[in-house]
Amino acid sequence: MKISTKIVHCGVGSDPRTGAISTPIYQNATFRHPALGESTGYDYSRSQNPTREAVESALAELEGGAAGFAFASGMAAVTAVLFLYKPGSHIIVTEDCYGGTYRVLAQLFANLGLAVSFVDSSNLDEVGQAIQANTAAIFVETPTNPLMKVADIKAIVCMAQQRGIHTIVDNTFLSPYFQQPLRLGADIVLHSGTKYLSGHNDTVCGVVVTGSRELGERVKFVQNSTGSILGPQDSWLLLRGLKTLALRMEKHAANAYQIAKWLQTQPNVKQVYYPGLDGHPGKAVQDAQATGYGGMLSFEVASPALVPKILSGVRLIQFAESLGGVESLITFPAVQTHADVPPEVRARLGVSDCLLRLSVGIEDAGDLMEDLAQALA
Ligand SMILES: *Cc1c(COP(=O)(O)O)cnc(C)c1O
């Protein structure tokens, strides 16, 4: 069965009692026990909730994994995965990763004894050279935020597996519709479900899917112990959003490609970063491991003075953080999403004060270009 069909049927059939097509919202904390030592399978909603379970199994299926987990945010999902590793372990992480991931590693997990090397994960030599005797995981984002660098998932898995190291992929930017890292050999996939999975800028949530049952049991233990679960209402919103993922991703990607090509022709634009562009250094890897390029692009304008003008000049495109929703959003990474990355690191990464990031929505591409044109003028 094709993924676009699976997507539509997310959660359908999850309520055999009534046959409800839309999974009901079990707004419920606790469940009656039939007798001492017996359970309906549900005891308490931190541990299991039928609405959360419906979205968790749907996500496990879409990513091709053994077990799925829904969290209160993407950062709760990242945190739960990092709790799998003991103090003294070492993790290799994509250097231009999501700012919050950088912050939780550098400012919280560093104190808990987790050592981190940030590397350019589009450079396999750099990844290989960072491996130490205590390396427990390689955690990549691909394409990266905001420079759209592409990491070769299969090649990284190959390096990691030989040494018993986990490969973790933050798949937020492409969603399982375009990229399924577990099928490329990764051990764990995670998402900010706030973005494309729910897709409507109305829910904050996170997702973890594991390739094996054994890792699933370990994530389950962390989720139940630390308690950062997704509530039933938001689980339903995530499920509701998911059903149109295929249609949305197609439109996001078609619009983004058209806008990326057009931006390249604009005199006030110096550089466009989009993995679907012919000159993009990661395009070949992207073509081999994903079925699309997604809806995210970044571009560098001719001078820092243009940045505030564009941010206040756009009318249709909203100046707001976040991404992956049906509405187009523009952000200024150096000041917003990447504020917690030290300035010298930002400079090395190319997150400059001329760089803008666009989350291309599903509006008419012509209207979006018209809006950008008047803001760039
Ligand atoms: C937004 C985001 C996160 C964090 O998710 P929240 O839902 O905001 O907690 C993690 N990774 C990536 C790539 C993101 O874009």
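Visitor: Against which helices and strands do the buried residues of helix 8 pack?

Guide: This is a predicted model, in which local features need pLDDT of at least 70 and side-chain atom pairs count only at pLDDT 80 or more, while totals for chains, interfaces and linings use all residues. Residues are numbered from 1 along each chain as its sequence is written, and side-chain values use heavy atoms, with hydrogens and water left out. Helices (H or I, at least four residues) and strands (E, at least two) are DSSP runs numbered from the N terminus, buried means under 20% relative accessible area and exposed over 50%, with a 1.4 Å probe and protein chains only, and contact means heavy atoms within 4.5 Å. On those terms, the partners are helix 2 (50-63), strand 1 (67-71), helix 3 (74-82), strand 5 (166-170), strand 6 (188-192) and strand 7 (206-210).

Visitor: What arc do the buried residues of helix 8 cover around the axis?

Guide: The buried residues of helix 8 are Leu 215, Gly 216, Val 219, Val 222 and Gln 223. Taking the directions from the helix axis to the C-beta atoms, these residues lie on the same side of helix 8, because their arc is only 125 degrees.

Visitor: Which exposed residues does the face of helix 8 turned away from its buried side carry?

Guide: Helix 8 comprises residues 213-226, and just after it Gly 227 takes a positive phi of about 80 degrees. The face turned away from the buried side of helix 8 carries Arg 213, Glu 217 and Phe 221.

Visitor: How many of the 14 residues of helix 2 are buried?

Guide: Among the buried residues of helix 2 are Pro 50, Arg 52, Val 55, Glu 56, Leu 59 and Leu 62. Helix 2 is mostly covered, the number of its buried residues being eleven.

Visitor: Is the pair of Tyr 177 and Phe 178 stacked, edge-to-face or tilted?

Guide: Rings of Phe, Tyr and Trp (its six-membered ring) pair if their centres lie within 6.5 Å, and planes under 30 degrees apart count as stacked, over 60 as edge-to-face and the rest as tilted. A search of the whole structure finds five such aromatic pairs. The centres of the Tyr 177 and Phe 178 rings are 5.1 Å apart and their planes stand at 55 degrees, so the pair is tilted.

Technical notes. The expected span of a helix is 1.5 Å times one less than its number of residues.
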